[in-house]
Amino acid sequence: MKKRLLTASLAALAALSLSACSGGGKPAETTAAPQTTAEAASDETKAEESKDGAEAAAKAPEEYKGTVVVYSPHDADPLNAGVNLFMQKYPNVKVEVVAAGTGELCNRIAAESANPIADVLWGGGADSLAAFKEYFAPYVCANDEFIGDAYKDSEDMWIGESPLPMVIFYNKDLIQKDGLAIPETWEDLTKPEWKGKIAYCLPSKSGSAYTQLCTMILGHGGKEAGWDFIKKLYDNLDGKIVDSSGKCHKMVADGEFYAGLTLEKSAVQYKEDPSVGFVYPKDGTSAVPDGVALVKGGPNEENAKLFIDFVTSKECQTEQSKNWGRRPVRSDMEVGEGMAKLQDIVLVDYDFDWAANEKEAIIEKFNDIMVD
């Protein structure tokens, strides 16, 4: 979904020595269940996982030893914080972090697949992870019961850890000046009064803009008919298209556009600014999560599962939400200030595999609309 720039200081994180501590259960020894496996087999797997988890519960944190290699595109601050928290909890586990963009890390995992170096990929949009899931191994984490089906792969190849709803961000002052109504849907943005007033980034330039494109297609007729809506929206951009998704919310806040398509986590940064606001489109948005995945054949499987259990734990999710504004994926946690609960947001049925596997064709079709 998106790639994050990591600061140079992150390099210092590489090869962090961690020690482990407490309580989380030993990750279940999950074996990939073939998609065609009968329900009974699935029940057996769950039972086995419960058994393993119970055994792990008796294992002292200090007994976890060795190394875990984590590839991550997360921003430096939340990445550092998450790793440091893990280090405090499991002081005898050495963590080695390799930081780069999602695409680079996925391609690296693919290139290393004959002799994997990474154990875990922490971060990166789920649709990006879905495109590389042949290089991941299935794993049902210890926190599975708190993660809705919409936020994990049906074959357990990736687990969502922070949903990222798409929103319409708007400038209240400009809207009031022109006597407009605040847009409540994507459809509203296709009305004549919004022509030339919308900030939207090129989907070929931005992962979040690509997710917004797929969201609107899926929410307005589907993979074929949805393109009619995209043509209407593009016409209303009036030839104005932004080259960076990070500019969309900034240009709205600066008064260069009346409304813009952006991420919730960007919009909430303006919660103290009375001149702007945002809405979750009532005709359906998406909340494609950042994900975490177990690398197939990684050298430190037990610690990899331990790390995945940790980043989906309430402890880590609370810290990431409170200090870094990252929406928790867990159903047993409250969201941060200014955010709606996921169950109160209208969501489209986002097809991760389609978005991942058809990206080149979808981008090409959007580009064709631009030149027609």
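The legends below describe close-up views of a predicted model. Residues are numbered from 1 along each chain as its sequence is written, and side-chain values use heavy atoms, with hydrogens and water left out. Because the model is predicted, local features need pLDDT of at least 70 and side-chain atom pairs count only at pLDDT 80 or more, while totals for chains, interfaces and linings use all residues.

**View A. Phe366 pairs with the rings of Tyr200 and Tyr234.** Across the whole structure there are 12 aromatic pairs, a pair being two rings of Phe, Tyr or Trp (its six-membered ring) whose centres lie within 6.5 Å, with planes under 30 degrees apart called stacked, over 60 edge-to-face and the rest tilted. The ring centres of Tyr200 and Phe366 are 6.3 Å apart with planes at 75 degrees, so this pair is edge-to-face. Tyr200 belongs to the loop between β7 (198-199) and α6 (207-219), whereas Phe366 is in helix α13, 166 residues apart; helices (H or I, at least four residues) and strands (E, at least two) are DSSP runs, numbered from the N terminus. For Tyr234 and Phe366 the centres are 5.9 Å apart and the planes stand at 85 degrees, so this pair is edge-to-face. Tyr234 lies in helix α7 (residues 222-237), 132 residues from Phe366. Phe366 has 2% relative accessibility and therefore counts as buried, as does Tyr234 at 14%, where buried means under 20% relative accessible area, exposed over 50% and partly exposed in between (1.4 Å probe, protein chains only).

**View B. Glu337 and Lys271 meet in a salt bridge.** The structure holds 23 salt bridges, each defined as a side-chain nitrogen of Lys or Arg within 4 Å of a carboxyl oxygen of Asp or Glu. Between Glu337 and Lys271 the N to O distance is 3.9 Å. Glu337 lies in the loop between α11 (314-324) and α12 (352-357) and Lys271 in the loop between α9 (264-267) and β9 (276-279), so the pair ties together parts that are 66 residues apart in sequence. Glu337 is exposed, with a relative accessible area of 61%.

View C. Lys305 counts as buried at 1% relative accessibility, whereas Glu301, at 41%, counts as partly exposed.
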